[in-house]
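I keep these notes for a reader who is new to this structure. My entries record what I looked up, one topic at a time.

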Amino acid sequence: MKKHLLVASDIHDDDQAFELLAKKAEDNDCLALLYAGDLNIENCMVSSLLQVRNFLFIPVQGNCDNKWDWTDVGINLPLYRTCSFNGLKIFISHGHIYTDPSSAGLCDKDFDIVINGHTHVNNLSEQLIDGKRIIFMNPGSPSRPRGYSKPSYGTIVFNEDTSVCFRLHALKGDGVLSEKTVSFNQASVRND
C-alpha cells in the first residue's frame, strides 16, 4: 500500500536535484510528487526526466516557470491546485501570488494542508483557522536554499493509525530537519 507524498519546490533547473527527487518519487510507497513551482524545464535533462517519469507529478506554476514550456511535456501548469489524498484536502501554490486558499478565492477551512514554495526556506507550522487545524508546509529548495536553510524537500506520511507525519528532510543524507505528527479528527477527514 502506498503511504506517502513527496513535496518539493524551487529546484530551478538543477537536474541532479530533480533526478534525486524523481528516484524517490518512483518508490513503491510514494503516492505522488507535489511540486510547488520553479522547476524551469528549459533544462533538457529535467525535461527528459519529466517525459519518461514513472510517478504521479502534480506541479503548479512558479514565478520563474513559463507555463508554455510545459506543453512540450504535456503538463498543465496552473497557479494553484487542490487535491485529496487519504481523505485530506491539500492546497498547493508557489506562494508568490496565492499564499493560502482564501487568497485564491477558496475557503481556508475546507483544506487540511497548505503547501507553498517561493521563499527557498523550509518551514513547517500549523494554524487554527475558525477552530480547524491547518498544516502549512514549505519544503524549501533542494538546490538554492536561502538564509540558514539546508537543501531540502518534504514528505507527508500516512500512518496506519490515521495520524499523519510531516517531515522536512535534508536533500543529502536524508536527515530530518523538522517533524510534526498530527492526528486529524474524523470530522475533518473527508473521503473523496
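The entries below go from aromatic rings to a sheet and then to salt bridges.

**Ground rules.** I am working with a predicted model, in which local features need pLDDT of at least 70 and side-chain atom pairs count only at pLDDT 80 or more, while totals for chains, interfaces and linings use all residues. Residues are numbered from 1 along each chain as its sequence is written, and side-chain values use heavy atoms, with hydrogens and water left out.

**Aromatic rings.** I began with the rule that rings of Phe, Tyr and Trp (for Trp, its six-membered ring) pair if their centres lie within 6.5 Å, with planes under 30 degrees apart counted as stacked, over 60 as edge-to-face and the rest as tilted. By this rule I find a count of seven aromatic pairs. One of them joins Tyr35 and Phe57, whose ring centres are 6.0 Å apart and whose planes stand at 35°, so this pair is tilted. Because Tyr35 lies in strand 2 (residues 30-35) and Phe57 in strand 3 (residues 57-59), the pair ties together parts that are 22 residues apart in sequence.

I then looked up Phe55, which forms an edge-to-face pair with Phe57 at 6.2 Å centre to centre and 85° between the planes. Tyr35 and Phe57 are both buried, and Phe55 is buried as well; here buried means under 20% relative accessible area, exposed over 50%, and partly exposed in between (1.4 Å probe, protein chains only). I note finally that Phe18, Tyr35, Phe55, Phe57 and Trp70 form one aromatic cluster.

I next followed an open sheet of five strands, which has the order 4-5-6-8-7 and mixed pairing; two strands pair if DSSP finds at least two bridges between them. At the edges I find strand 4 (80-85) and strand 7 (123-129), each of which pairs on one side only. Strand 7 pairs with strand 8 (residues 132-138) in the antiparallel sense, over seven bridges, and Ser125 stands opposite Phe136 in strand 8.

**Salt bridges.** I count five salt bridges, taking a salt bridge as a side-chain nitrogen of Lys or Arg within 4 Å of a carboxyl oxygen of Asp or Glu.

The side chains of Glu19 and Lys23 meet in a salt bridge (4.0 Å, N to O), and both residues lie in helix 1, four residues apart, about one turn of the helix. Glu19 is partly exposed at 28% relative accessibility, whereas Lys23 is exposed at 55%. Leaving aside neighbours within four places in sequence, Glu19 is in contact (heavy atoms within 4.5 Å) with Met45 and Leu49. Glu19 and Leu49 are 30 residues apart in sequence, with 7.3 Å between their C-alpha atoms.

Which residues are linked with Glu126 in a network of salt bridges? I find Arg133 and Lys180 linked with Glu126 there. The side chains of Arg133 and Glu126 meet at 3.8 Å, N to O, and those of Glu126 and Lys180 at 3.3 Å, N to O. Because Glu126 lies in strand 7 and Lys180 in strand 11 (residues 176-183), the second pair ties together parts that are 54 residues apart in sequence. Partly exposed is my entry for Arg133 at 32%, for Glu126 at 35% and for Lys180 at 24%.

How values were computed. Helices (H or I, at least four residues) and strands (E, at least two) are DSSP runs, numbered from the N terminus.
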